[in-house]
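Please look over the sequence and the model before reading on.

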Amino acid sequence: MGCLLFLLLCGLLQAWGSAEVPQRLFPLRYLQISSFANSSWTRTDVLAWLGELRTHSWRNGSDTIRPLKPWSQGTFSDREWKTLQQLFRVYRDNFTRDVKEFAKMLHLAYPMEVQVSAGCEVDPGNASNNFFHVAFQGRHILSFLGSSWEPAQEAPDMVNSVVRVLNQDQGTKETVHWLLNDICPKFVSGLLESGKAELEKQVKPKAWLSRGPSPGPGRLLLVCHVSGFYPKPVWVMWMRGEQEQLGTQRGDVLPNADETWYLQATLEVAAGEAAGLACQVKHSSLEGQDIVLYWGGSHASLGLIVLAVLACLLFLLALIVGVTFWFKRRRSYQGIL
């Protein structure tokens, strides 16, 4: 009896403590869009993201990078932050000039749009990975790899001329290498330290069911809505008992205004097959207590159901032990009498 009680207690502890949240990484992404209406009108706007959070914005015509979080400066001193902003102002001016020169050299037609995606990621061992990609009219054309510029695999032939010119500018290559390999990892480490509380926050999802537009006679479209969760990774699936319904269609994970996320998962079924179906939601904030919504209105947390069953078993065991102890004492008293 004691052995069985011990095993049940171990199972209870595992149910409480086994939900392990995987190590999350927070890449810093610099996203730039530069529009060129003609040779004299240009506009450049920039957003920076750390993981799923917007940290900086830089609007066209402004000389100041705007912090969007109280910790957006990381551990950089005011002097370091001022120097970094000045460097980016020089970069923006040179970028605009160079694109116009390449447009003239290659006889490119206006209007044009150039996109840049750059940044780095620092892993738990303090090793870093970096990237710098350039797209023209929405098509990836070149990247900075190691210490030089390289054309994208399916870039048009004209990009080879651009790469050849860029690689002749040793000073710019050294600056880009320094920014990606030294400054970016240092800046990200400071952001991770300063923004730790917000970056590691956990917000539980809310979930509800609805019926979507009818897909046809005698058919139902079941919709499971999951909203308000953070961080972004989430698992949502329509289930019948323990069986995943492979017809589940997940939409895109979309941002809410409060920096949480929204997702919906749909399942098309025959009207007579909806009974017994449930939508199950797994998220790190739930700590293993999955949300289960049953079609037809009932709602439960899988973790709470498990705990309730274990609690009933423990109560039953305690009752059996108590009754056994009472009978033993009664027999001992009868022997005395």
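Which cysteine does a disulfide join to Cys120? The partner is Cys184, with an S to S distance of 2.1 Å, where a disulfide is a pair of cysteine sulfur atoms within 2.5 Å. The model is predicted, with local features needing pLDDT of at least 70 and side-chain atom pairs counting only at pLDDT 80 or more, while totals for chains, interfaces and linings use all residues. Residues are numbered from 1 along each chain as its sequence is written, and side-chain values use heavy atoms, leaving out hydrogens and water.

**Disulfides**
- The structure holds two disulfides, and the link of Cys120 and Cys184 is left-handed, with -95 degrees about the S-S bond.
- Cys120 lies in strand S5 (residues 112-122) and Cys184 in helix H4, so this pair ties together parts that are 64 residues apart in sequence; helices (H or I, at least four residues) and strands (E, at least two) are DSSP runs, numbered from the N terminus.
- The other disulfide joins Cys224 to Cys279, with an S to S distance of 2.0 Å.
- Cys224 is buried at a relative accessible area of 0%, buried meaning under 20%, exposed over 50% and partly exposed in between, with a 1.4 Å probe and protein chains only.

**Nonpolar core**
- The largest nonpolar core has 66 residues, of which Leu50, Phe132, Leu142, Trp149, Val236 and Trp238 touch the most other members; such a core is a set of buried Ala, Val, Leu, Ile, Met, Phe, Trp, Tyr and Cys residues joined through side-chain atoms within 4.5 Å.
- Helix H4 (residues 170-194) gives the largest share of this core, seven residues.
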